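Dear colleague,

My findings follow directly after it.

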Amino acid sequence: MKQSPEKVWSGCLDFIKDNINPQSFKTWFLPIKPLKLKETALTIQVPSKFFYEWLEEHYIELLKSAIRKELGPEAKLVYSIVMENTYGNTKPYTVNIPSNNRPPIKNPSVQAPINLGGKGPINPFSIPGLKKVRVESQLNPNYTLDKFIEGDCNRLARSAGYAVAKNPGGTSFNPLLIYGGVGLGKTHLANAIGIEIKDRYPEKTVLYVAAEKFTQQYIESVRNNNKNDFVHFYQLIDVLIIDDVQSLAGKEKTQDVFFHIFNHLHQNGKQLILTSDRAPVDMQGMEQRLLSRLKWGLSADLQTPDLETRISILNQRLYNDGIEMPKDVIEYLAYSITTNIRELEGALNSLLAQSSLNKKEITIELAKSMIDRFVKNTTKEVSIDYIQKVVCDYFDMSIDLLKSKTRKREIVQARQLAMFFAKQLTKSSLATIGAHCGGKDHATVLHACRTVNNLAETDKRFKRYVEDLEKKLTLS
Ligand code: ADP
Ligand code: MG
């Protein structure tokens, strides 16, 4: 009554099937092939060493029970693993490993299963004769950490990123979730962390992928029937950077597969770095269990940069490009464009383009007309900062003095003028204006506006101030 390996394995499968969920069964047991039966030792073939590790880690008890049920208490399991060919041989080779006797497997060679920028679709784990190929990290080499200017707006995220880069997978910042509005530097910072890790740990496999691309790859893998390869590939990454995870919202299947990859990596001490344009609490259409994972590590936000940071960013950009620009033009750009860094850079680029196309010198007038024409709708509104700067320049005093508690008459007047124009030219509330002018309340701002109106009617010199400032502030 000699048994065949197929028969024994099919008995095992029946038992296993009853004890795990259908998805796991399909993923982890259907791909296995029974190879050989020698006495009570069953050899099964698994598609990759990763696959073997996973089985040993998660399903060994189940496998043992199944095989003992079929072959008795002496039953043994031997894996035959299809290895990637790293020696230039033409045939794939296999290693046989008895269950629970795992040798250290060094130097994994990982082959991209899917198209990760340029290379054709490849089945990584079973095609014979593959050369060892490194995973291209897909990082943007321009987005380095030293080019990422530090400011109050990004200090937490930047230093958490730096800590992660020094010790990927080894801090409590796992996952590290960087969130913030458009153009505030999420992609730049995420890449910078990846580059820093590559520099410090060249042996680590780092992969940057936009969540949209991840989704496409997943869909493609389902279509091509190699979803397992897709999952295996991602589970071999040491540092996985997924940009714009909010785009997984509403995509249940992709979230599901990402959830499993996330768990595997996290359990194995691998680092996850994610970015999102909103905080986890605001992510609708995201599965609860995934959301809870996102909150495991550290969520650090990027805020809109303050004036000083905006000026530093422009200066750095100009310095890198070897371009000189008058200081007041740089300041004007930084004062006027407050929304985000991408727009700030956009404005700088159009200014440079205009000046070189029309062979015009870069002056504040050119900058003003450019800003009017190019970014009118988004950033036309003059900022409170800018108004304060113009007022202070006009009276030749420092902004600090304007914001101070001094009751000296000239200073009080300048402060009131700044408040008056802030009310006229911005959409800011009285309270916000007050807060910007040295922590005054809304009643003080209201009083300032009335005083300016009154004085302008009664005091000729004061009227001149108002008219001059108005011209300066609204000049196009
Ligand atoms: P996001 O991904 O949040 O939309 P990006 O990372 O694409 O934003 O950043 C937009 C632009 O601003 C990029 O060119 C980036 O280099 C630049 N940038 C963002 N933050 C900084 C910073 N702190 N220092 C220097 N440049 C920055
Ligand atoms: Mg981005």
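A nonpolar core is taken here as a set of buried Ala, Val, Leu, Ile, Met, Phe, Trp, Tyr and Cys residues joined through side-chain atoms within 4.5 Å, where buried means under 20% relative accessible area (1.4 Å probe, protein chains only). The model is predicted, so local features need pLDDT of at least 70 and side-chain atom pairs count only at pLDDT 80 or more, while totals for chains, interfaces and linings use all residues. Residues are numbered from 1 along each chain as its sequence is written, chains are lettered from A and ligands numbered from 1 in the order in which they are written, and side-chain values use heavy atoms, with hydrogens and water left out.

The largest nonpolar core comprises 52 residues; M325, L333, L351, L417 and F421 have the most contacts inside it.

Turning to ligand 1, 19 residues surround it (one heavy atom within 4 Å), and G183, K186, H188, R342 and E345 are the closest. Polar contacts are pairs of N or O atoms within 3.5 Å. A polar side-chain atom of K186 lies 2.8 Å from an oxygen atom of ligand 1, and a side-chain N or O atom of T187 is 2.8 Å from an oxygen atom of the ligand. Domain 2 (145-302) and domain 3 (307-374) both supply residues to the shell, so ligand 1 lies between them; the domain bounds come from an automatic or database assignment.

With kind regards

How values were computed: A polar contact is a pair of N or O atoms within 3.5 Å; within protein, one must be able to donate a hydrogen and the other to accept it, and residues adjacent in sequence count only if both atoms are side-chain atoms. Buried means under 20% relative accessible area, exposed over 50%, partly exposed in between (1.4 Å probe, protein chains only).
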